[in-house]
Amino acid sequence: MSNRLKNEKSPYLLQHRDNPVDWYPWCREAFERAAREDKPVFLSIGYSTCHWCHVMAHESFEDEEIAGILNREFVSIKVDREERPDVDSVYMSVCQAVTGSGGWPLTILMTPEQEPFFAGTYFPKRSRFGQPGLADILSRAAELWRHDREELLDTGEQIAFSVRQSHPCRNGTPEKELLRSGYGMFQRQFDEEWGGFGFAPKFPTPHNLLFLMRYASAENAPEALHMAERTLDAMAQGGIFDQIGGGFSRYSTDEKWLVPHFEKMLYDNALLILVYLKGYQVTGQEQYAEIARRTADYILRELTDEEGGFYCGQDADSDGVEGKYYVFDPEEIQSVLGEVDGKEFCRLYGINPAGNFEGASIPNRIGQRESGWQADDVRLQKLYEYRRKRTRLHKDDKILLSWNGWTIMALASAGQILADGRYLDAAVKAQQFLASHMVDSDDRLYLRYRDGEAAYAGQLEDYAVYTLALLELYQSTFQTVYLKEAIRRAGQMTELFEDRENGGYYMTARDAERLISRPKETYDGAIPSGNSAAGMVLQKLALLTGETRWQEAAERQLRFLAGEIKEYPAGYSYSLLALAEALYPHRELVCAAVGGVPRELLRYLREHPADGLHVLVKTPENAQELSECAPFTSEYPLPESGAVYYLCENGSCRAPETEFGKVIAAVREGE
């Protein structure tokens with residue numbers, strides 16, 4: 001019999017709609033009932049493609065005994081962390097403070113006033129190997145609630161007090177020493193043999209590699225580029241990259257990127273497209289362009305809604321077995337491809353009778369010297385189609401605004417750098433979808449869209465990343481409408497989220513639902529934080545528009561970030577990139593042109609990294625609108641024909657130039 005989750009849109013919540021647990025979604029009604037019936041609250045947070053969330057669901061939430069305890073002694077709430085990142089952030093910080101670690105599924109016990117008194121992650125149904133079981137935890141908590149509640153209430157008050165405490169303002173000074181310190185930390189953590197940083201499990205964390213490539217060019221540090229290249233090569237060769245269908249899994253469970261945790265997430269793949277494109281521009285290695293192309297094609301093929309938005313990701317499990325979708329044995333390969341082609345594939349992709357994952361083989365290119373098959377090879381396509389029919393992957397078809405923002409950035413960049421209009425068209429269509437479906441009647445952004453419904457007020461990350469996406473669309477098309485919209489959304493971001501008293505930006509808007517704390521996240525984990533994305537937005541707008549309000553806002557945010565990251569800058573690599581925008585030489589190029597954007601400019605931007613180069617294009621058609629976005633451009637006259645380039649560097653402007661070659665020579669002279 002379905003519970004209260006049956007009317008939800010979240011795929012994760014819907015996975016639990018037939019549990020015997022009397023689940024509520026996060027809502028006022030649940031807490032009111034807990035207060036009325038004098039019961040504690042059981043909060044479980046996860047997401048639909050989470051392997052251990054599935055395990056705990058099967059062991060406990062589908063179990064009548066556990067459901068009996070929960071229904072009798074607690075009010076139970078289920079939350080999709082991707083729909084409510086604010087709730088997840090608050091209670092994940094509790095778990096990390098109490099246990100020293102975190103993860104999903106997240107398990108919290110708390111009072112009806114939302115004050116937590118117990119925190120953990122996955123628990124088996126019964127205690128085993130020193131790990132407490134959920135049945136024992138729930139029974140003990142229920143007993144304490146009835147007979148020794150003061151102890152729990154005291155614990156809850158102490159934890160709630162702790163997470164409410166905002167640390168004092170620690171604004172710092174943006175300086176290159178922060179960048180050098182971060183680089184030094186990456187050097188010490190680098191795995192020379194297999195790439196990446198630290199020990200297994202290894203996460204791609206693309207923004208680390210973006211920072212290293214930026215640092216390499218700015219500081220003439222070849223070792224920084226070497227670390228990035230070695231990691232890009234190793235990931236592309238490993239099982240973490242889907243050698244048959246393209247795209248990357250979430251992370252590698254081993255040091256050499258062979259055995260992934262098989263779930264594929266939209267944000268990972270979007271950010272990895274950006275980093276492989278950057279690697280291609282910096283090194284000219286065609287293999288990086290190929291990986292970016294295959295990853296973008298994966299998104300278009302498997303994660304794109306027909307209306308234009310992008311889905312969250314795909315599960316690790318098939319038929320309840322982790323990785324089943326991806327692995328093969330030699331006989332199966334030969335049955336699909338025939339003996340000759342089958343043996344060749346097995347040799348090139350490490351498929352052997354011994355296997356490399358639970359008796360089967362994950363296709364990989366580790367240690368191979370021969371070239372692999374191209375993405376358009378009909379044999380590879382045949383294997384891909386067979387795999388899709390053999391078993392299926394659960395797909396989380398929510399559309400999240402911030403994740404779509406990263407994907408728009410990636411595809412717009414791919415369209416420009418790879419000269420493939422399909423990618424830019426997809427980015428433009430996605431932005432149109434977001435603008436049409438994820439904006440409310442007050443012109444505020446929504447966080448999630450699914451099945452015809454947009455819901456949940458947009459948070460800092462949504463505004464910041466969407467604005468970055470709009471800026472990338474402008475740099476890829478030079479259509480002023482994107483720059484104008486970016487400025488408008490950045491204005492909303494500063495109005496709704498900025499903490500003018502202590503610096504930085506809150507995760508939730510000033511009029512959002514009040515939780516036990518108002519988080520202000522800065523750490524750049526799997527995805528750059530909203531604060532680091534905001535720093536990048538403000539610095540880019542300061543340089544593009546020349547307006548004082550953006551310069552002042554950027555300075556406030558960069559000072560905040562500098563103070564936040566100084567103790568461990570390697571954990572804030574996207575903040576380091578935002579600081580690099582301000583600390584390294586920057587050049588502003590205004591192209592005043594009649595007859596469209598000059599091909600020579602587009603060719604240069606396609607072939608070279610635009611580090612520190614911010615371009616505006618003024619035409620007779622957009623002159624008025626551009627002057628509203630960047631008032632200083634009103635003083636730049638349009639030529640009667642052709643193009644005139646106006647180049648400024650670090651506040652000093654050169655004479656107008658009509659020969660593009662001389663402009664580029666000046667740009668390179670300042671690098």
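**Cores, sheet and charged pairs in the predicted model**

The largest nonpolar core comprises 180 residues, and those with the most contacts inside it are Leu 212, Tyr 276, Leu 483 and Met 493. Helix H18 (residues 460–477) supplies the largest share of this core, namely 11 residues. These assignments, like those that follow, rest on a predicted model. Beyond its neighbours within four places in sequence, Leu 483 is in contact with Leu 471, Tyr 474, Leu 541, Leu 544, Leu 616, Leu 626 and Cys 629. In soluble globular proteins, nonpolar side chains tend to be buried together.

An open sheet is formed by 5 strands in the order E1-E3-E2-E4-E5, with mixed pairing. Strand E1 (23–25) and strand E5 (116–120) stand at the edges of the sheet, and because each has a single partner strand, one side of each is left without a neighbour there. On average, and with direction ignored, neighbouring strands of this sheet are turned by 25° against each other. Strand E4 (residues 106–110) pairs with E5 in the antiparallel sense over 4 bridges, and Met 110 stands opposite Pro 116 in E5.

Strands E4 and E5 also take part in covering the buried residues of helix H6, as do strand E2 (41–46), helix H3 (51–61), helix H4 (64–73) and helix H7 (149–164). Helix H6 (residues 134–147) contains 14 residues and reaches 20 Å from its first C-alpha to its last, which is close to the 20 Å expected at 1.5 Å a residue. The buried residues in H6 are Leu 134, Ala 135, Ile 137, Leu 138, Ala 141, Ala 142, Leu 144 and Trp 145.

Turning to charged side chains, the structure holds 51 salt bridges. Side chains of opposite charge can pair when their charged atoms come close. One network of salt bridges links Arg 4, Asp 22, Arg 33, Glu 37 and Lys 39. Within this group, the side chains of Glu 37 and Lys 39 meet in a salt bridge with an N to O distance of 3.2 Å. Glu 37 counts as partly exposed because its relative accessibility is 34%, whereas Lys 39, at 14% relative accessibility, counts as buried.

A further salt bridge joins Glu 286 and Arg 293, whose closest N and O atoms are 4.0 Å apart. Both partners are partly exposed, Glu 286 with a relative accessible area of 44% and Arg 293 with one of 24%. In the salt bridge between Arg 444 and Asp 511, the closest N and O atoms are 2.8 Å apart. This pair links distant parts of the chain, 67 residues apart: Arg 444 belongs to the loop between helix H17 (421–437) and strand E14 (446–450), and Asp 511 to the loop between helix H19 (480–497) and helix H20 (530–545). Asp 511 counts as partly exposed, since its relative accessibility is 45%.

With a relative accessible area of 6%, Glu 302 is buried. When its neighbours within four places in sequence are left aside, Glu 302 is in contact with Tyr 311, Gln 314, Tyr 384 and Lys 395.

Note on methods:
Residues numbered from 1 in each chain as written. Predicted model: local features only at pLDDT ≥ 70, side-chain atom pairs only at ≥ 80, totals over all residues. Heavy atoms only, no water. Buried < 20%, exposed > 50% of the residue type's maximum accessible area, 1.4 Å probe, protein only. Helix = DSSP H or I, 4+ residues; strand = E, 2+ residues; numbered from the N terminus. Contact = heavy atoms within 4.5 Å. Pairing = 2+ DSSP bridges. Axes fitted to C-alpha atoms, helices over the stretch in contact; angles between N-to-C directions. Expected span 1.5 Å × (residues − 1). Core = buried A, V, L, I, M, F, W, Y, C linked by side-chain atoms within 4.5 Å.
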